[in-house]
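Dear colleague,

Please find below the structure that I am handing over to you. My findings follow it.

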Amino acid sequence: MFRLRLASPLPAGRAALRALGRALVSALVALWLLCDASPSEAQRPRIHVVREGDTLARIARRYHAQLAAIRDANHLRGDRLRLGQELIVPREGEDPGALRQGRVAPAGPSREERQATVRANRLGLGRARTAQQLLSHPPERGWVVAAGASGRRMPGTLGLPVRGGRFIRGWGSGTAGYHLAMDIRGPVGAPIRAAERGIVAYAGNEISGYGNFVLIQHPNGWVTAYAHNRDLTVVPGQVVRRGQTVAHLGNTGTSHGPHLHFMLIRDGEHCDPAPLFRPHIGPRTRQLEWRRGRRPPEGVQCLPRSARPHPEYAARRAEARRARQAAATGGDEDEDVGDGDDDMPETDVPDEPAAAPAGDPSPTP
Ligand SMILES: [Zn+2]
């Protein structure tokens, strides 16, 4: 007792300094954890927080994981999931048994990811229908607000989603100008960066043709979309900075060679992002800003996706529709086959089926 009392008192000034130091260190650690909270760190075991609409099969598909391995790692007997349940999703080569027994400690979803999932569930973000809506209709007001609408004004430009990437195909290219997007080639695994700050509205692979796909809602109403990724490093509901890594470049979905299919969407219309990129992408491209207003500045073209269907796909859809009608008049078939199919994108259909997948030196737009 006596010794303790002797040992502990410090001069008041020094004690205060120590406390301040400790507080500073904790603040720095917290800051570092926050900055480092993205789930992109390739080597740590993955945790998925179950959200509305999730099934084991869907989760397995999303992460390209084995369903049996997920069951095994989480000691699941049946297929029932709870909202908010945390599931270990083993990567290829990871031993589900070791993960389950905690020999490899999963890092778990960060606080940021948990908060994002709660936010996404509240706002209705992260679902396939969220993505479909943003691809062809205006966003919900609540999504724009959650993206930070009340914050500082946006510069009206787009950061480069692939640094050092090569612009291989522009907006309005392809048969009948169907390609209302920009293709940027880069090495597989290159970071895909948010072109502007916003909230992740969708991160998944349920939208036909796009592969592993991210949609970001921005505070000014814009939406940017990033398709064909190898993997995704954000979750729906996550708030991202301009330049933050949201995925890694890949070749998933309807894609012919590793590249990013990048789209800028305003109220469901697909706009040519080329003049808005900073740094400026080439001497032949104008440099414009889209600071305010719903309408684009002169020189930035926007069209609804349905205005430029790929002829081959349009023919296929018409045929499918005829078949459905025939089946319906036949009377013994369900009619709900492929509902909403008209919204389905044809992302990177080569105009010449024989075109070399990765080597076409298309001109920069
Ligand atoms: Zn494309």
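Strands S5 (residues 182-185) and S13 (259-266) run antiparallel and are joined by 4 bridges; strands are DSSP E runs of at least two residues and helices are H or I runs of at least four, both numbered from the N terminus. Within this pair, Arg185 has His259 of S13 as its bridge partner. S5 also pairs with S4 (residues 166-169), again in the antiparallel sense, over 3 bridges, where pairing requires at least two DSSP bridges between two strands. Here Asp183 in S5 is the bridge partner of Arg169.

The model is a predicted one, in which local features need pLDDT of at least 70 and side-chain atom pairs count only at pLDDT 80 or more, while totals for chains, interfaces and linings use all residues. Residues are numbered from 1 along each chain as its sequence is written.

S13 is also among the strands against which the buried residues of helix H7 pack, together with S7, S8 and S9. A residue is buried if 20 or more other C-beta atoms, placed from the backbone, lie within 10 Å of its own. In H7 (residues 128-136), the buried residues are Thr130, Ala131, Gln133, Leu134 and Leu135. Two of these, Ala131 and Leu134, are in contact with Leu215, contact being C-beta atoms within 7 Å.

Leu215 is also one of the residues touching the most other members of the largest nonpolar core, which has 58 residues. Such a core is a set of buried Ala, Val, Leu, Ile, Met, Phe, Trp, Tyr and Cys residues joined through C-beta atoms within 7 Å. A second, separate core of 8 residues includes Ala65 and Leu87.

Yours sincerely

Technical notes: Buried ≥ 20, exposed ≤ 12 C-beta atoms within 10 Å, placed from the backbone. Contact = placed C-beta atoms within 7 Å. Lists of a residue's contacts leave out its neighbours within four places in sequence.
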